[in-house]
Every structure is written in structure tokens, then in C-alpha cells.
Amino acid sequence: MSVVEACGCAPVTRRKLLAAGAAGVFAGLVGDQLATQLAFAADSSYAGDVLVLLSLRGGFDGLSAVVPAGDPGYYAARPGIAVPKSQLIGRGSYFGLNPALAPLLPFWKAGTLGAVHAVGQPAPNRSHFSAMEELERAAPGTTLRTGWLDRMTGRLGADHPFDAVSVGSARPARVLAGPAPSLGLTSIDDFKLSGEDPKRPMAATMAALYAGAPDALAQTTAMTTGALATAGQLKAAGYQPANGAAYPDTELGAALRDVARLIKADVGLLSATVDSGDWDMHENLGAAAPGKKMYDHLADLAKALAAFATDLGPAGLGRVTLVTISEFGRRVGQNGSGGLDHGYGNAMLVLGGGVRGGKVHGRWPGLAAAQLVDGDLAVTTDYRAVIGEILRARCGISDVASVFPGVRPSSLGLVSAR
């Protein structure tokens, strides 16, 4: 009896299955809503932090989020959109936070949220596409074409079906490009084979068809069916956020909820990347008040991050480090449309139990005209060095150059060693 006869389905061949999904195997598993990537450890021996990478796509304005109130150049350059000193929260002697970040203030005060300013790529690049490509490849001056997160998971020996998962996109982000397996899903609850009909057991059909296939094909099929089984267990268990955490009804909120769910399910999560878009504010950025574009975006970001940290609780957050990146910052001076054009230097937020937070790390270059780079905030710290410090201190990767070629970890004291 053939497989087709056994399941009562229309004829299905190995070639059709490969075309539908197995040609990039996991690239054929559904999702086009968010673009969140997840990576899981190969086994339970990994003792480092779960690294959560939050990409703020479009060019995040770090100067609006982490305000250099002590630099007169900031207020001179932004007469219509600067955040008044009187509205800043968590303020120190030089920097303060945008009031929209108020949901994160408890974590700032507790020292589990910090920032690094004047960070960025080695050279200015104001093209969204090429800057993001370089940000995720993270190997300028080399012939490497893999993504740095793929190199990280490979460095830790990950080869489990869930080593690299893209939630919300059938195509994993460039940061996951490389030999490590990758998996795509819109969300945990929506994870299924692309185009699958509940009445047609495609997973079972695939397993039967590839039972006697060469090792490479059989392994790929096992990865797919194993991933479906794991997701099925998670769906059956359901999920209720803990500690009164209330995630906002946004794509980012849903994505971080799923990341917390995976962390607490103890499935061996090694790393997760989540995208948050729409930070390209060339016009009407607005004052620091509800209803204004930048304020509302920052407020949504803060609510999602605060819910994530609350849901994990102190113990869960103690084994997580979340870091934000963006392809570039914005110009120091506002433009004629009340917005900001593409710039250079930026700020990163870092959240986790091992973070030495409540302050801004890094060397501040200043905003006087002579201190700028073609009108932009100068970069004094390579973003790769910041992540490298986290990889070394929290993830147990001593050879950071294996992930970021030619880069030495920063010595900011941003995180404590595990």
C-alpha cells in the first residue's frame, strides 16, 4: 500500500514536498506578520544567558530615548522636538530618559536596565538596506556571508531543530543566514506546515515518504516533524503570563510574549531575535507627549519590554540579556519637517538580570559642531564590541572574534560575569 493510499490524500511526491518546504526546509514553514527569529540550544548543557536581540528597524533615534540633557548642543539642534529637562525621568548628572519610557523606570532604578550611547557601525552607512545587511552580517572587510547570530549558535554547537526559528516570516533574517538549521513560524500557536489542511496529515506523509531517503533528506524531515511536535506540545499546554504581566496588543508584545513562553518552557532556548519597525521618522516626530509619533512608539516599546521582564520575574530575567540594535541613528539637528533624517551614532538599551544598569555606559563624544561626523553623533563604541562583552560575560563565548571577526569585547562593565 502506498503512502498516498494510506492517508487518502491527493498524490504527494518527495519532489513536491521539497518544493513546498524542504528545499529550504524550514523556510517553507509559515508566517509573514512580524519577523521574529528564535534559536534553541542543541542540548540542555548550555548554561549561559538567553540572548534576545531586538532590532529597531528604520533608524532608531537614540537621542530622543536617552537624552543628553547636559549637552547644550542637543537643545540647540532640536528647538521643536527636544525633550525638556523637566520631563526627563531616571535622570543622572548628564542623561535622562524620555518620559514615554516610564513603564521601564522600575527596571532602570533596580539596575536591570541600562543604556550604551554613541554606539554604531564602524563606518557611516545611511542606506536602510545596506546598513541593515552589514549590521546583521557584522563582518566588514571580510568575505563572510553568514549572519552573526548563525555564527554564535554554531560556535555553541547548536544543531537542534529549534536552533534558529523565524517567527512571522518564512525567510529568516540575514542575522541567521548560514549553515545552522532555521525554522519559520508566525507564532507558537499558529505554527504549522505551509498550506496544510487539517484533513491532510502532511507531517505524517512527509515522515513516511522520507523514511528510506538518504541521510541528508531524512534528517531534514526529522527536523521538521520534530519541530511540529514541540510546537504542538507548547500549544496544548497553553500560556498565561505570570506576575500580573500585561503585554500590549501589538506585534512586538505578542512576539515577546512568545519568547518569554519559550524561555519558561525550558526548551533550551539559546537566543531570540525580534523586530520592531516604523522608526524612520523624517517628519512630525513630535514633542514628548502622548499622541505624538516618537512618544507613542517609545511608549509601546516600553510597555512590551516591561511586560516581558515582569512575566519572567527576577529569576527568569537573571538568565536573560536583551539588547536593542538599529541600522543607524538619526541626525542631531531636526529637519524642516519637524523630523530627523538618517544619521550615524545611536543608543542601545540592555535589559537583564546581569546588567549593571541605571546608568548610561560608553564615552560621550559631544554634540558641538566640531565633534560631529558630517552633522551626526560620532560613534565611540562599536555595537559588535558591546554584544561581544555580553557574549563573553553572559554566554560563555571567550573567542568573540569567532562571531565578530577582528573585534575585541568592550570593557564597559555593562554586565556582570555569570
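Me: What is the bridge partner of Leu 56 in S8?
Reply: Ser 276. Quick caveat: this is a predicted model, where local features need pLDDT of at least 70 and side-chain atom pairs pLDDT 80 or more, while totals for chains, interfaces and linings use all residues. Numbering runs from 1 along each chain as its sequence is written, and side-chain values use heavy atoms, without hydrogens and water.

Me: Why is S8 called mostly covered?
Reply: Of its 8 residues (269-276), 8 are buried, meaning under 20% relative accessible area with a 1.4 Å probe, protein chains only (exposed is over 50%, partly exposed in between).

Me: Why is the pair of Phe 95 and Trp 364 called edge-to-face?
Reply: Rings of Phe, Tyr and Trp (its six-membered ring) pair if their centres lie within 6.5 Å; planes under 30 degrees apart are stacked, over 60 edge-to-face, the rest tilted. Here the centres are 5.3 Å apart and the planes at 85°, so edge-to-face it is. Phe 95 lies in the loop between H4 and S4, and Trp 364 in the loop between S11 and S12, so the pair ties together parts 269 residues apart in sequence. Both residues are buried, too.

Me: How do you know that Arg 174 lies over the face of Phe 129?
Reply: A charge sits over a ring if NZ of Lys or CZ of Arg is within 6 Å of the ring centre and within 35 degrees of the ring normal. Arg 174 is at 5.0 Å from the ring centre and lies over the face.

Notes:
Helix = DSSP H or I, 4+ residues; strand = E, 2+ residues; numbered from the N terminus. Pairing = 2+ DSSP bridges.
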